Amino acid sequence: MTREAHAFWLRSPGEGEIRSVTLPDPGPGEVLVRSRYSGISRGTETLVFSGGVPVSQYAAMRAPFQEGDFPGPLKYGYLNVGVVEEGPEDLLGRTVFCLYPHQSAYVVPASAVVAVPDGVPPARAVLAGTVETAVNALWDAAPLVGDRITVVGAGMVGCSVAALLARFPGVRVQLVDADPERADVAKALGVEFALPADAAQGRDLVVHASASSAGLQRSLDLLAPEGTVVDLSWYGDRTVNLSLGGAFHSGRLTIRSSQVGMVSPARRSSRTYADRLALALDLLRDPAFDTLITGSSRFDALPDVLPRLTAGTLPALCHLITYGE
């Protein structure tokens with residue numbers, strides 16, 4: 001039986017197109033998933049779309065089911081929610097999350113999908129990959145009860161980190177962004193908001209997610225002595241300039257990277273990738289995460305949507321892509 005699906009491909013930097021795909025019959029231990037929603041991970045995907053991935057990072061930046069190579073042509077993405085139409089009986093008809101690109105249907109190993117828990121709407125579940133990044137970051141950061149914590153950069157990842165930190169007992173969280181309209185997002189997440197110039201000083205921990213030199217510098221400036229910046233930003237091929245005079249050495253400040261490609265060393269011996277993703281999906285029961293979905297478009301509009309997101313003419317946190325009706 002011939003099955004046809006449609007996939008979004010980056011033809012070359014800045015140019016995308018929809019291509020037809022012939023799907024294989026699912027074999028033993030595989031599932032056929034019909035997509036309902038996918039999400040655009042705005043920071044990473046616009047960087048890929050513009051051709052900004054450095055040659056040295058081509059291997060590290062590969063998505064789990066990517067086809068083609070950087071800078072293109074390639075099929076990229078990793079926030080997909082769909083329904084299992086064929087496969088093992090325990091998954092038939094289940095709504096699942098998969099780290100799959102933007103495609104109307106696909107066949108993958110059953111082990112590559114995770115059932116979306118009851119109580120998590122399918123559209124919200126596209127955030128699972130982003131919340132998983134936030135979980136890993138907080139395993140790296142190891143915040144303590146009563147910490148004074150700032151998150152710099154109110155994009156998808158920064159907002160997800162702030163939403164999780166808001167649950168920690170005794171922790172005061174401030175979300176910092178140059179866009180004053182993100183104050184409403186911070187309020188919905190249950191955290192304080194400040195513009196960079198007004199951000200609180202003397203912080204024990206700052207999580208940086210603005211993907212800018214200015215944001216990283218401001219993060220360092222906000223630290224208390226012996227404080228730590230955990231940097232989640234992906235800069236691509238851009239140079240990062242910092243001033244490391246002043247209090248950087250005298251204050252014994254720390255900059256630490258965090259990246260979702262490996263489970264944090266703090267939990268690597270006791271948690272698998274599947275455990276981490278299942279935890280992220282469970283955390284998405286909280287309706288506060290709905291504030292991160294800020295727009296939607298049909299799948300066939302993707303060749304127009306991604307250039308607008310990349311240029312900033314279509315502002316968004318997570319932009320939802322819908323399939324079918």
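Where is the place of Q217? Q217 sits in helix 6, which covers residues 213–221. Helices here are DSSP runs of H or I with at least four residues, strands are runs of E with at least two, and both are numbered from the N terminus.

This is a predicted model, in which local features need pLDDT of at least 70, side-chain atom pairs count only at pLDDT 80 or more, and totals for chains, interfaces and linings use all residues. Residues are numbered from 1 along each chain as its sequence is written, and side-chain values use heavy atoms, with hydrogens and water left out.

Is Q217 buried or exposed? Q217 counts as buried because its relative accessibility is 18%. Buried means under 20% relative accessible area, exposed means over 50%, and partly exposed lies in between (1.4 Å probe, protein chains only). Leaving out residues up to four places away in sequence, Q217 touches L242 and S243. Contact means heavy atoms within 4.5 Å.

**The cores**

In soluble globular proteins, nonpolar side chains tend to be buried together. A nonpolar core is a set of buried Ala, Val, Leu, Ile, Met, Phe, Trp, Tyr and Cys residues joined through side-chain atoms within 4.5 Å. The largest one here has 72 residues. L127 and V131 have the most contacts inside it. Helix 3, residues 128–141, gives the most to this core, with 8 residues. A second, separate core has 13 residues, including V152, A199, V229 and F248.

What does L127 touch, apart from its neighbours within four places in sequence? L127 is in contact with M156, L284, F289, L292, I293 and C318. M156 belongs to helix 4 and is one of its buried residues. Helix 4 spans residues 156–165 and is mostly covered, with 9 of its 10 residues buried.

**Helix 3**

Helix 3 is mostly covered too: 14 of its 14 residues are buried. The expected span of a helix is 1.5 Å times one less than its number of residues. For the 14 residues of helix 3 this should give 20 Å, and the end C-alpha atoms are 20 Å apart, so the two agree. A142 follows helix 3 and has a positive phi, near 50°.

**A cavity and a pocket**

Cavities and pockets are found on a 1 Å grid over the protein atoms alone. A cavity is a set of points where a 1.4 Å probe fits but cannot get out. A pocket is an open set with protein on both sides within 12 Å along at least five of seven lines. Lining residues have an atom within 4 Å of a point. Grid points are joined across faces, edges and corners, and a volume is the space filled by probe spheres set on the points.

The structure holds 1 cavity of 30 Å³ or more. The largest cavity has a volume of about 80 Å³. Its lining is F8, L10, E45, V48, F49, L74, K75, Y76 and L306. Strand 1 (3–12), helix 1 (42–49) and strand 5 each give two or more residues to this lining. Helix 1 gives the most, with 3 residues.

The second largest pocket holds about 210 Å³ of space. Its lining includes V135, L138 and W139, along with R167 and R267. Helix 3 and helix 8 (273–283) each supply at least two lining residues. The largest share, 3 residues, comes from helix 3.

How are the linings made up by class?

**Backbone exceptions**

Most residues other than glycine have a negative phi, and most peptide bonds are trans. Some places here depart from that pattern. A cis peptide bond joins F70 and P71, with omega about 0°. The bond from G72 to P73 is also cis, with omega near 0°. P71 lies in the loop between strand 4 (67–68) and strand 5 (74–75). P73 is in the loop between strand 4 and strand 5.

A211 has a positive phi, near 60°. A211 is in the loop between strand 13 (203–208) and helix 6. E226 is not a glycine, yet its phi is positive, about 65°. E226 is in strand 14, residues 223–231. E226 counts as exposed because its relative accessibility is 54%.
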